[in-house]
Amino acid sequence: MTSPRVEIDAAYVERLIMETAAFGAYGETGVWRTVYSPEWVAANDAYARWCEEAGLAVTRDAVGNVWGRIEGSEGGKSIVSGSHMDTQRPGGRYDGTLGALAGLIAIKALKEQFGQPKRSLEALSLCEEEGSRFPGTNFWGSRGITGRIAPGDAEAMKGYDDETMAEAMLAIGLDPARIPEAKRDDIESFVELHIEQGPILEQAGLPVAIVDAITGIRHYDVLLTGVQNHAGGFPMDIRNDPAAGFAEIASGVLNTAHRMGRPAVTTVGRIVPYPNRPAVIPREVRFTIDARHPVPEKRAEMYAAHEGLMREVAARRGLGISWEHYVDHEPCLSDPDLVKTFQQSAKEQGVPFMTMPSGAGHDSQQMAAIAKVCMIFVRSKDGRSHTPEEFSSIEDIVEGIRVLAAGLHKLAY
């Protein structure tokens, strides 16, 4: 079935983006809106109001996700589109927020132009994804929907300000004991529109991408230990210097990813030597490695290379080494039929696009446990994200929402 042209009101899109950005506005273009904060509550109240104004039935679940639903005439499982409402500290106006608004705008446009769908459609504002208030959330909103929040997690999880997740929930009227009630088993497909958060679309001169895979991510917290000594009095050939080992490991893992080529990436983001003095061979160096690849086989190859290098360097230099994985997400492949559906929708709407993997993690990875998933990317200016400087043009955003709405039309009408 060929999708009819879907009209998206650019002025309405811009108004909702700017009004949402006012909740937690930080500086000229930034947003500081953490989960369960007053700014977050106000933003989700506005989202619920806009859903109601669009004629959608609004519900809020046990973790604070906001749902706007139009019932399908033929019943069956829902087709859902949305993303998260929280931001970094500070973040920008588009990461997460755009996807939550896009689901609402697309479903509103379909309802107004084509009436009731055969399949139920739902717009979704997920309560949390960023980990910006509680570092251990790991997609709190979508984990609630997929039933992956364990009993006691809310009480045990500590935030950056030494509060618990349970305390933050109780402060806005959510009961942690009811978290299991957020679980859904009646979603067929989840489609997430998101800014790209990278430079690839801009380099290609394209407004939109269909995402065929979300990268696998492994975070290493590495401890390299040696022998602390005087920087001048101890000869190089008999040192057990963890800083030297770190330098070799950091260079090696970065070069491994570089040689593998796109889409392999590796980042050494945090380095903490002890005692961190200019004339002292350190006793230890603690550092992180963030390694990502969307292809399962290549991911395993890269991780094996990184770990083999770390062991070899430590053994050769007489150093102790240990590491923990505090994030370890498998790659998530988009549903092939959904990819084809949205590729075809882009062609029929006359929207130039490419197909690419996502280098960042997203709620879709969690939702894949209970539903078919696919993502749509919108071009990011200069590839910027997780910063007040992130920006996507209204023209590109409208094109992305048109592709989203056209694909939802194919799925639901």
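In which loop does Asn138 lie? Asn138 lies in the loop between β6 (121-126) and α4 (140-146), where helices (H or I, at least four residues) and strands (E, at least two) are DSSP runs numbered from the N terminus. This is a predicted model, in which local features need pLDDT of at least 70 and side-chain atom pairs count only at pLDDT 80 or more, while totals for chains, interfaces and linings use all residues. Residues are numbered from 1 along each chain as its sequence is written, and side-chain values use heavy atoms, with hydrogens and water left out.

**Helix α8 and its ends**

- Helix α8 (residues 242-260) has 19 residues, which at 1.5 Å a residue should span 27 Å, and this agrees with the 27 Å between its end C-alpha atoms; the expected span is 1.5 Å times one less than the number of residues.
- The residues Pro242, Gly245, Phe246, Ile249, Ala250, Gly252, Val253, Thr256 and Ala257 of α8 are buried, where buried means under 20% relative accessible area, exposed over 50%, and partly exposed in between (1.4 Å probe, protein chains only).
- An α-helix has 3.6 residues a turn, so residues three or four places apart point the same way.
- The cover over the buried residues of α8 includes β9 (216-225), β11 (265-267), β12 (271-274), β14 (284-293), α9 (296-316) and β15 (320-329), with contact taken as heavy atoms within 4.5 Å.
- At the N-terminal end, α8 is capped by Asp241, from which a side-chain oxygen lies 2.9 Å from the backbone nitrogen of Ala243.
- Just after α8, Gly261 has a positive phi of about 85°, and the peptide bond from Arg262 to Pro263 is cis, with omega near 5°; Pro263 lies in the loop between α8 and β11.

**Helix α12**

- Helix α12 (residues 394-412) also has 19 residues, and the distance from its first C-alpha to its last is 26 Å, close to the 27 Å expected at 1.5 Å a residue.
- Of the 19 residues of α12, 18 are buried, so this helix is largely enclosed by the rest of the structure.

**Backbone features in other loops**

- The peptide bond from Arg89 to Pro90 is cis, with omega near -5°, and Pro90 is placed in the loop between β5 (78-84) and α3 (97-114).
- Asn138, a residue other than glycine, has a positive phi near 50°, and it is partly exposed, with a relative accessible area of 30%.
- Gln197, in the loop between β7 (187-195) and α7 (200-204), has a phi near 70°, a positive value in a residue other than glycine.

Key:
Polar contact = N/O pair within 3.5 Å; in protein donor to acceptor, adjacent residues only side chain to side chain.
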